[in-house]
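I opened my notebook to get to know this structure, and you are welcome to read along. My entries follow below.

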Amino acid sequence: MSELTHLQRLEAESIHIMREVVAECENPVMLYSIGKDSAAMLHVAKKAFYPSPPPFPLLHVDTTWKFRDMYKLREKAAKEAGMELIVYQNPEAKEKGINPFDHGPLHTEMWKTEGLKQALDKYGFDAAFGGARRDEEKSRAKERVFSFRSASHRWDPKNQRPELWNLYNARKKKGESIRVFPMSNWTELDIWQYIYLENIEIVPLYFAAKRPTVERDGLIIMVDDDRFPLKEGEKPVERSIRFRTLGCYPLTGAIESTASTLPEIIQEMLLTTTSERQGRAIDKDQAASMEKKKQEGYF
Amino acid sequence: MDTRPSAGQGYRPEPLIAEDIDAYLEKHQHKSMLRFITCGSVDDGKSTLIGRLLYDSKMIFEDQLASLEAESKQVGTQGQNIDFALLVDGLSAEREQGITIDVAYRFFATEKRKFIVADTPGHEQYTRNMVTGASTADLAVLLIDARKGVLTQTRRHSYLVNLLGIRNVVLAINKMDLIDYDKAKFDAIVEDYGKFAAGIGLKDFLAIPVSGLRGDNITGPSENTPWYEGPSLLSHLESVEIDTERRKTQPFRMPVQWVNRPNLDFRGFSGLIASGTVKPGDRIRVLPSGQTSTIERIVTMDGDLDEAVAGQSVTLTFSDEIDCSRGDVIAAADAPPEVADQFEATIVWMAEDEMLPGRSYAMKIGTNNIRASVTAEKYQVNVNTLEHVAGKTLGLNGIAVCNIATDKPIPFTPYEESPDLGGFILIDRITNATVGAGMIHFALRRSKNIHWQAVDISREAHAAQKNQRPRVLWFTGLSGSGKSTIANLVEKKLYALGKHTFLMDGDNIRHGLNKDLGFTDADRVENIRRVGEVAKLMADAGLIVLTAFISPFRSERRMVRNMLPEGEFIEIHVDTPLEVAEARDVKGLYKKARSGELKNFTGIDSPYEEPENPEIRVNTVEMTAEEAADYIVEKVLAS
């Protein structure tokens, strides 16, 4: 047998991490954001526990502002994996009608950061898988695979547990929890290659197609439903676009593209000379913003 | 001086990507993976070197480059030029202080390999971070400042790299531009290092003259060092042999992570193969039980496999129904690993609270979660001089060779053979922090030699003859709280009721069995351990044992609790406020402690950790000793 490839080694490592969590934690859950990273993580989970279905539910912390295509795939993916799907929407954000047009950063904070904390508390999950990768952002590069959270969901970057070999310390007190990042060592390209090789279904918005769009602050925004407030006289323009990342549709910028297959997407990605997360408005903050968000409990 | 990059200008895609993406993908999915660590002290230019590797292998995007340029001018240390260190110093506190505190992982890839770099800090106070980064590395890049040569930290880092078993070592002699690329100086450093390396048993290393700042010998040969004929750093990283082949040729071993049981017809054992190769039909042995069976299937979602090798995560099924669960090791039947419960190991301490011999820690090795304690510290290693020094405890970043004992026999291999079954972590059982890491050298004796002596008269028989349930009534509280007085009364009352009892008192034990122990934290732990063991033997003999010791630490009380069957340990907190106990001062000890005549006195300059959930609590301010004793007797007999 020839030497294991880097993707085989990464997959084996991620599977090992997921099984450790299931063996040592009482009530794990998998955070599922419907994006490509979630898709790859869910696929690894299916492999880790086959022939059993993954022995934990999927949790989608919903903002009600995701693309319609994302909601469609969400239901389908959970069903095919044989897993329970929990959808959580922060009732306070719902009641106040928090939305990305009028509330800016509060939208992310209320729906996502607060929503996530509420959901974890409500169901008493003591471990939550997330699809974050260390290559995404500087503060992620230092975060452990098993990342400990206090009972109030805070991350203390200066007081992380040393993590040696493949020995993960899952011990915690009641009320405390662990965020687990099984895909820590994957890169953007690894994820795409894996999706391609394993034939994993992803949201069609990643592939180029003609879609109605408007331009806002230099970003191409897709008009996904009639909640989008058009300016006076503004008319959506048909463009051939696709998305490199998927968040809430009014916050996610599209790129003009004709890449309609996975190899074409990978090709286009490798030929671009800007970093991945440019499309997501939330990250256009100062350098340490993610570290601050994470300390407060953002995933 | 021109410090513009020599090779990279930000990210540049390979031509093949545009020409034939399918061919590109085919080529890149067969890449292998190398994990390496960079070690060097703050000024050696480590972050700059990594930043340079990322930059020259064209991993930096235009926008990142733009923000890097802006940041460099704002906070960089390179004037108007790019400060590559800013690319890798992650946490904001670190950027402000200009140092690397934690382990950061970086990723880059070339046509041949994907690389994961662990960037770790160099200071002695961050030894634990470096050990963490080294634990998963295939290779180490040791940086030396060409102007300074081999320094104390070079020796320390080399020792740690060797300790963690990294076989591929690169000596990157950096800042060659600042010594005018002088060959003689380079050679002198290499010779100096060679002598030292041989002394610590580091067999082989490759020395490369580099400049992280200017890019010499990073991705290709440098015009400035025509006298150097070896590979550039990157071409060495791309071609060095990875240690995975060796693992494949070792006997088959797989720690069981999880039993996969979707229905009554399927029972599979999931794990990551630590070493060797497995095929259906292979005879296997499950450790520690020693039962044997045959591999029936290697199950994966992509279909059954004909063979699986070290590094793969699989699920195995057996042809026989034998016991096998998490923590067991499935091994080649004719080459099973040893099973033992006492070891010699090197321990690296990673916590502010020092390691105390005798204290019980949670231990994780492979997929086994057990308990372990250090039975003897043989010597500590001074990581700067590599001298052996005597010690009793072990502080943060300390390294010591110790004997350890586990609470049950476990399958293992020496760390040198396999980190997967020879490396372990120690966890504080109260704070749950990872406090230490260890590497097993060998078993002190095989567990088959220490089977417990089977006795015909069981502990149940002893207890039944006395018509009572054995108990350990563990009185804990401050000095002068009234433990001995109340325990005495309780024993009298139980005796009067026809119970078979025995009272062990702190002072009496300290005059005899434990007269070799003082009052340091380490001695207090050992004191309680011995008392616990004696109490356990007496409980085995069917007695109701009463002990009256301050026993200030939760973890030791919990250790004794765990020695005994469920329900037999009864913790009694004699709860007296410090002011009251001090006012009583029956033995005049508080006075001596306050005057400094008596050191490490509980409540004064040594902590007392109150029980969180004692079975019984008596408040000696609200109750007389007689009332407290009656209350305790009543509770004990009812339990």
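Predicted model: local features only at pLDDT ≥ 70, side-chain atom pairs only at ≥ 80, totals over all residues.

**Entry 1: where the chains meet**

I began with the contact between the two chains: chain A and chain B bury about 6900 Å² between them, 57% of it on carbon and sulfur atoms. Buried area here is the accessible area, taken with a 1.4 Å probe, that two parts lose on being put together, summed over both. Residues are numbered from 1 along each chain as its sequence is written, chains are lettered from A and ligands numbered from 1 in the order in which they are written, and side-chain values use heavy atoms, with hydrogens and water left out.

How many residues of each chain are in contact with the other? I noted 70 residues of chain A against 94 residues of chain B, contact meaning heavy atoms within 4.5 Å.

Next I looked up the salt bridges, and the count between chain A and chain B is seven. The term stands for a side-chain nitrogen of Lys or Arg within 4 Å of a carboxyl oxygen of Asp or Glu. I picked out A:Glu24, which pairs in this way with B:Arg326, with 2.6 Å between the closest N and O atoms.

I then asked which elements of chain A give two or more residues to the side that touches chain B. They are helix H1 (6–24), helix H2 (36–49), helix H7 (188–198) and helix H8 (262–271). Helices (H or I, at least four residues) and strands (E, at least two) are DSSP runs, numbered from the N terminus. H1(A) gives the most, with 12 residues.

I also sorted the residues on that side of chain A: 28 are nonpolar, 20 polar and 22 charged. In this sorting Ala, Val, Leu, Ile, Met, Phe, Trp, Tyr, Cys and Pro count as nonpolar, Asp, Glu, Lys and Arg as charged, and the others, Gly among them, as polar.

**Entry 2: chain A on its own**

I found nine helices and 10 strands in chain A. Of its 299 residues, 64% are buried. Buried means under 20% relative accessible area, exposed over 50%, and partly exposed in between (1.4 Å probe, protein chains only). Among the contacts in chain A with a separation of 6 or more, 73% come from residues 24 or more positions apart.

**Entry 3: some residues in chain B**

Is B:Arg530 buried or exposed? I have it down as buried, because its relative accessible area is 18%. B:Arg530 sits in helix H16 (residues 521–540) of chain B. Leaving aside neighbours within four places in sequence, B:Arg530 is in contact with B:Leu513, B:Asn514, B:Asp516 and B:Leu517.

Most residues other than glycine have a negative phi, and most peptide bonds are trans. I therefore listed the exceptions I came across.

The peptide bond from A:Tyr50 to A:Pro51 is cis, with omega near 5°, and A:Pro51 lies in the loop between H2 and strand S2 (58–61) of chain A. In chain B, the bond from B:Leu287 to B:Pro288 is also cis, with omega near 10°.

A:Thr64 is not a glycine, yet has a positive phi of about 65°. B:Asp180 has a positive phi too, about 55°, and counts as exposed because its relative accessible area is 66%.
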